[in-house]
Amino acid sequence: DIIPQPLLDQYLSMTDPARAQTVDTEIAKHCAYSLPGVALTLGRQNWHCLKDTYETLASDVQWKVRRTLAFSIHELAVILGDQLTAADLVPIFNGFLKDLDEVRIGVLKHLYDFLKLLHADKRREYLYQLQEFVVTDNSRNWRFRYELAEQLILILELYNPNDVYDYLRHIALTLCSDKVSEVRWISFKLVGAILQKFYANGANALGLNFINELVVRFRHCSKWVGRQAFAFICQVGMFSFCFYVYI
């Protein structure tokens with residue numbers, strides 16, 4: 001009753017490999033690009049009409065098709081709601097996390113948007129996997145690590161101070177020592193945001209431990225770039241530093 005059945009059948013047939021060879025080699029990519037719009041039109045109650053097509057596209061041999069889905073999976077999660085997302089999208093999302101960098105960047109750019117839609121227990125499972133984003137297929141792909149730092153600044157609000165200290169702190173310290181200055185600078189802002197997180201939640205002991213680690217790692221670094229990093233961290237996290245010095 002929403003759209004004509006022949007039109008839906010025509011859309012679903014776009015994933016047929018034979019059509020890609022005889023009609024348009026990019027047809028699967030076009031199908032992937034349009035899928036969130038089709039899902040929104042049909043509504044979550046009719047997701048079963050698209051589920052098999054989505055899974056087929058998510059395993060397409062062309063990385064451009066998978067990349068297109070990776071960039072829109074957070075939008076599809078909003079359309080489907082938390083239950084369908086947990087059942088049908090999370091497995092696809094996990095597959096994208098282990099894909100090529102060209103696909104993973106689509107997930108990374110909207111990592112916060114996707115994680116905030118998950119239940120707290122499911123969201124916490126990804127704490128163990130965030131570290132994997134530091135490693136890329138090409139180490140010169142510094143924009144990937146820059147995007148990771150930007151997303152972590154947003155993601156801080158989704159986790160409690162203990163989880164931030166146990167998992168995200170290590171990633172922040174690694175990024176602060178990156179070879180690319182742009183990555184280091186955004187990472188200094190991440191460190192400042194972590195200190196603010198501890199202060200706002202009354203986790204003073206964690207904040208002091210983190211500051212002591214920053215002092216040992218950067219303030220007393222034998223290389224000037226490390227000591228410079230400490231100065232920049234003090235600059236972006238001045239309020240939190242003043243608070244912890246006071247207490």
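Helices (H or I, at least four residues) and strands (E, at least two) are DSSP runs, numbered from the N terminus. Thr 53 lies in one such run, helix H4.

**Basis and overall fold**

The model is predicted: local features need pLDDT of at least 70 and side-chain atom pairs count only at pLDDT 80 or more, whereas totals for chains, interfaces and linings use all residues. Residues are numbered from 1 along each chain as its sequence is written, and side-chain values use heavy atoms, with hydrogens and water left out.

The chain has 14 helices and 0 strands. Its C-alpha atoms fill a box of roughly 70 × 35 × 25 Å along the principal axes. Of the 247 residues, 46% are buried, where buried means under 20% relative accessible area, exposed means over 50%, and partly exposed lies in between (1.4 Å probe, protein chains only). Among contacts (heavy atoms within 4.5 Å) with a separation of 6 or more, 69% join residues 24 or more positions apart.

**Helix H4 and its partner H5**

Helix H4 spans residues 51-58 and helix H5 residues 63-97; they pack at an angle of about 145 degrees, with their axes 10 Å apart. Axes here are lines fitted to C-alpha atoms, for helices over the stretch in contact, and angles run from 0 to 180 degrees between N-to-C directions. From H4, the residues that meet H5 are Lys 51, Tyr 54, Glu 55, Leu 57 and Ala 58. Their counterparts in H5 include Leu 69, Ile 73, Asp 88 and Phe 96. By class, this contact has 10 nonpolar, no polar and 4 charged residues; Ala, Val, Leu, Ile, Met, Phe, Trp, Tyr, Cys and Pro count as nonpolar, Asp, Glu, Lys and Arg as charged, and the others, Gly among them, as polar.

Thr 53, also in H4, counts as buried because its relative accessibility is 7%. Not counting residues up to four places away in sequence, Thr 53 touches Leu 12, Thr 15 and Cys 31.

**Aromatic pairs**

A search of the whole structure finds 11 aromatic pairs. Rings of Phe, Tyr and Trp (its six-membered ring) pair if their centres lie within 6.5 Å; planes under 30 degrees apart count as stacked, over 60 as edge-to-face and the rest as tilted. Two edge-to-face pairs are tabulated below.

| Pair | Centre to centre | Angle between planes |
|---|---|---|
| Trp 185 and Phe 232 | 5.3 Å | 85 degrees |
| Phe 198 and Phe 210 | 6.3 Å | 85 degrees |

Trp 185 lies in helix H11 (residues 181-200) and Phe 232 in helix H13 (residues 224-236), so this pair ties together parts that are 47 residues apart in sequence. Trp 185 is partly exposed at 31% relative accessibility, and Phe 232 is partly exposed at 29%.

Phe 198 in helix H11 and Phe 210 in helix H12 (residues 204-219) are 12 residues apart. Phe 198 is buried at 0% relative accessibility, and Phe 210 is buried at 0%. Elsewhere, Phe 93, Phe 114 and Tyr 126 form one aromatic cluster.

**Helix H10**

Ala 172 is found in helix H10 (residues 161-176) and is buried, with a relative accessible area of 0%. Leaving aside neighbours within four places in sequence, Ala 172 is in contact with Ser 187, Leu 190, Val 191 and Ile 194. The C-alpha atoms of Ala 172 and Tyr 146 are separated by 11 Å, and the two residues are 26 apart along the chain.
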